[in-house]
Each structure stands twice: as C-alpha cells, then as structure tokens.
Amino acid sequence: MYDLTVKRDRTYGTTARAASAGQLAWYRDTSESSMAGVEVTTHKTRQNGRDALWLEIDYHWEKQSAPRKRLEVFVAGKAGYAYQLLVDTEATSQRLAEQSRLFAAARKNLLIDVSTG
C-alpha cells in the first residue's frame with residue numbers, strides 16, 4: 001500500500017525551505033504525528049523550473065517497529081503557497097523500488113499554480 005498526497009498550503013511558510021522545516025518539526029513531534037525515529041536526507045532539486053527540496057524520510061510509526069519510507073518534494077508557488085508532494089510506504093525492497101517509480105511519475109505530472117476553473 002502506498003499513500004500519495006499533494007498539498008497546497010502556507011501553514012509552515014511559503015518557501016520550500018520554510019515549508020519543509022515546519023513539516024519536519026511536526027513529524028519529529030511524536031505526540032502529534034505518531035512518527036518515531038525520524039531520519040531525513042535533504043536534496044536540493046528543481047521542480048516545475050523552480051528551486052525545490054526533495055526529502056527522503058526514514059521512520060516508523062509510534063509503538064510499531066516496521067520501517068517506513070517517505071519521499072517528499074516541496075516547491076514554492078507564485079501565489080504565496082508551498083506545494084508538498086509525498087509518497088509513503090513500508091520500507092521493503094519491493095515497495096521501495098515501486099515507490100521510487102511512483103514518486104518520479106508524480107513529480108513529472110505535478111502541476112503548480114494551475115487553475116482548475
């Protein structure tokens with residue numbers, strides 16, 4: 001099972017750096033997020049022609065030992081919002097290979113600052 005989420009938000013800030021830092025602080029608060037053992041690798045990248053941050057997050061759910069992996073990208077939009085795309089799954093070799101493919105496809109198709117109306 002994979003969780004795929006796209007969020008347009010300004011809760012933690014409007015830049016990729018601020019939004020990712022705020023989100024990581026929330027993840028590290030186990031009482032709020034139920035995530036434990038959070039370890040993060042951050043990469044500078046480009047998304048939709050803009051500076052972005054790509055995060056690889058290793059963790060496990062509180063009171064569980066099964067490792068999980070979350071891949072996220074944060075990018076700033078033009079209207080004062082930050083966009084967050086994430087794909088989360090159990091950290092097994094089969095799941096991780098598919099997760100990488102899903103994340104790449106989702107990033108390729110991520111549209112920011114596009115009106116649906």
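The tour below goes from the sheet to the helices, then to the cores and a single residue.

Keep in mind that this is a predicted model, in which local features need pLDDT of at least 70 and side-chain atom pairs count only at pLDDT 80 or more, while totals for chains, interfaces and linings use all residues. Residues are numbered from 1 along each chain as its sequence is written, and side-chain values use heavy atoms, with hydrogens and water left out.

**The sheet**

Begin by selecting the strands β1 (2-9), β2 (35-47), β3 (50-61), β4 (67-76) and β5 (82-90); helices (H or I, at least four residues) and strands (E, at least two) are DSSP runs, numbered from the N terminus. In what order do the strands of the open sheet lie? The order is β1-β5-β4-β3-β2, with antiparallel pairing, where two strands count as paired if DSSP finds at least two bridges between them. β1 and β2 are the edge strands, each of which pairs on one side only.

Now select β2 and β3, which are joined by eleven bridges in the antiparallel sense and form a hairpin with two residues between them. In the turn you will find Asn48, which has a positive phi of about 55°, and from Met35 you can look across to its bridge partner in β3, Trp61.

**Helix α1**

Select residues 16-28, the 13 residues of helix α1, whose end C-alpha atoms are 18 Å apart, in agreement with the 18 Å that they should span at 1.5 Å a residue (the expected span is 1.5 Å times one less than the number of residues). Its buried residues are Ala16, Ala19, Ser20, Gly22, Gln23, Leu24 and Tyr27, where buried means under 20% relative accessible area, exposed over 50% and partly exposed in between, with a 1.4 Å probe and protein chains only. These buried residues pack against β1, α2 (30-33), β2, β3, β4 and β5.

**Helix α3**

Select residues 93-109 to see helix α3, which has 17 residues and reaches 25 Å from its first C-alpha to its last, close to the 24 Å expected. Its buried residues are Gln99, Phe103, Ala106 and Arg107. They cover an arc of only 95° around the axis, which puts them on the same side of α3; the arc is that of the directions from the helix axis to the C-beta atoms. The face turned away from this buried side carries the exposed residues Ser93, Gln94, Lys108 and Asn109.

**The cores**

Show the side chains of Tyr27, Met35, Leu55 and Ile57, which have the most contacts inside the largest nonpolar core, a group of 13 residues. Such a core is a set of buried Ala, Val, Leu, Ile, Met, Phe, Trp, Tyr and Cys residues joined through side-chain atoms within 4.5 Å. A second, separate core of eleven residues includes Leu71, Leu85, Phe103 and Ile112.

**A last stop at Arg17**

Finally, select Arg17, which lies in helix α1. Is Arg17 buried or exposed? Arg17 is exposed, with a relative accessible area of 55%. Leaving aside neighbours within four places in sequence, Arg17 is in contact with Lys44 and Leu53, contact meaning heavy atoms within 4.5 Å.
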